[in-house]
Amino acid sequence: MSGAMSLYIHAPFCAGACDYCDFYSIPVKQDDERLDRFVTVLLGEAEERLRRFNVTAVPTLYIGGGTPSLLGAGRMRRLLAGLRVLLPQWPGEATVEVNPESADEEFLTACLNGGVNRISAGVQSFHEPSRLMVRRVGNGKLLPQRLALLASLYGEAFSADLIAGLPGQHEGALREDLARLLAFKPGHVSLYALTLEDGVPLADASSPIPLLPEDEADRLWLIGRDILENAGYAQYEVSNFALPGRRSAHNIRYWRMENWIGLGPAASSTIISTGSGGALAEGRRYVHAPDVDAYLAERPAPAEEYLDARTLIKETCLMGFRYREGPDRELFIRRFYQDIEEYIPRALSRWRKRGLMVPGMTALNREGLLFLNAFLVDVFAELDGGSSWTDSS
Ligand code: SF4
């Protein structure tokens, strides 16, 4: 396998743990020497993986986590300089995730000078009672100062995450969150509905924190969506909104099932071939164990999983229909020989008749995106019915 692949780096370190979060990270202080070793081990892994997959181009780079800004300016400089030597050419889009408390001027400038042209900031909410209830890491009072710094260094080339449906949140608080954030004119906003995976503290039945009723959380998210759209941010994915030209190229590559390499503990890679000689595409997924200390000690090989064509087509639907333009039909044909319309004609026809798809496109419309899960149930039932299968899987 060779070709263009995006690069994701998972920096699994946080200053603490937020009670709604299920991303893998460990709590550290900035002087923890494991952070130094992490950069060294990660660059070794990058060199090995780029060579192994014969990567000819890296269109996008995303350093996420965890909290990459906890690495601090010096380590980030070393990481970016190391990547610059290893990558065939510098990516067109290079994003670093930050949390306000560790994204100081020195760090943000180090990113900028190192080739980072996009920052994604974890804001979540300015509303102090909600932040306290979910034990959100960091100090809400720092947010305005750090957002102003971001805007002065990066202009519109930054994104901010907000959550709708946090405990203690109400309509006024959400409206204020959006007004305060939009005053800094981020080019991109991710507005997430609070979802709790099993095992996170807030999902524990014994948690004393009262959650909002589901319909109230949904109502808040819809209010947030409308505010963003009225302010000129177009919804281009279930939870993502952007000013013109400010969509996340990296995330679009995930949603369209392009190949990517993930480095670092808990990161995964997905590498898919094109169809050839009449055989449908197949893929491999490589998943690192969520274990920082093992990674730093011996960097165990990631677990490898084979992805057959049926699995890949389902994942293509799962990811692709999140995106406002739908799955990449040309890439789909290169991989599976037929248009996606020929695999799921009945589901698409039903949803078109309900007025939930974009006319002339294989994509859900604004209203349809609200029913993505029901749509996918329909799609998967048709795929599992198998009438349109031409492979031997
Ligand atoms: S700072 Fe971000 S990654 Fe870390 S625990 Fe909180 S939400 Fe999760």
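**Close-up 1. Where α3 meets α5.** Glu 105, Leu 108, Thr 109 and Leu 112 of helix α3 touch Leu 149, Leu 150 and Leu 153 of helix α5; touching, or being in contact, takes C-beta atoms, placed from the backbone, within 7 Å of each other. This is a predicted model, where local features need pLDDT of at least 70 and side-chain atom pairs count only at pLDDT 80 or more, while totals for chains, interfaces and linings use all residues. Numbering starts from 1 along each chain as its sequence is written. Sorted by type, the residues of this contact come out as five nonpolar, one polar and one charged (nonpolar is Ala, Val, Leu, Ile, Met, Phe, Trp, Tyr, Cys and Pro; charged is Asp, Glu, Lys and Arg; the others, Gly among them, are polar). Helix α3 covers residues 105–113 and α5 residues 143–154, and they pack at about 25° with axes 11 Å apart (axes are lines fitted to C-alpha atoms over the stretch in contact, and angles run from 0 to 180 degrees between N-to-C directions). That makes α3 roughly parallel to α5, the word for angles under 35 degrees. Helices here are DSSP runs (H or I, at least four residues), as are strands (E, at least two), numbered from the N terminus.

**Close-up 2. α3 again, now with α2.** Helix α2 (residues 72–86) packs against α3 at about 10°, their axes 8 Å apart. So α2 and α3 are roughly parallel too. Gly 72, Ala 73, Met 76 and Arg 77 from α2 meet Glu 106, Phe 107, Ala 110 and Cys 111 from α3.

**Close-up 3. Inside the core.** The largest nonpolar core holds 75 residues, and those with the most contacts inside it include Cys 111, Leu 162 and Val 189. Such a core is a set of buried Ala, Val, Leu, Ile, Met, Phe, Trp, Tyr and Cys residues joined through C-beta atoms within 7 Å. A separate second core, of 20 residues, has Phe 336 and Tyr 343 among its members.

**Close-up 4. A cis bond and two positive phi values.** Most residues other than glycine have a negative phi, and most peptide bonds are trans. Gly 65 and Gly 66, though, are joined by a cis peptide bond, with omega about 20°. Lys 185 has a positive phi near 50° and sits in the loop between α6 and β10. Tyr 337 also has a positive phi, about 70°, and counts as partly exposed because it has 16 C-beta neighbours inside 10 Å (20 or more means buried, 12 or fewer exposed, and in between partly exposed).

Terms used:
Angles under 35 degrees count as roughly parallel, over 145 as roughly antiparallel, 65 to 115 as roughly perpendicular and the rest as oblique. Two residues are in contact if their C-beta atoms, placed from the backbone, lie within 7 Å.
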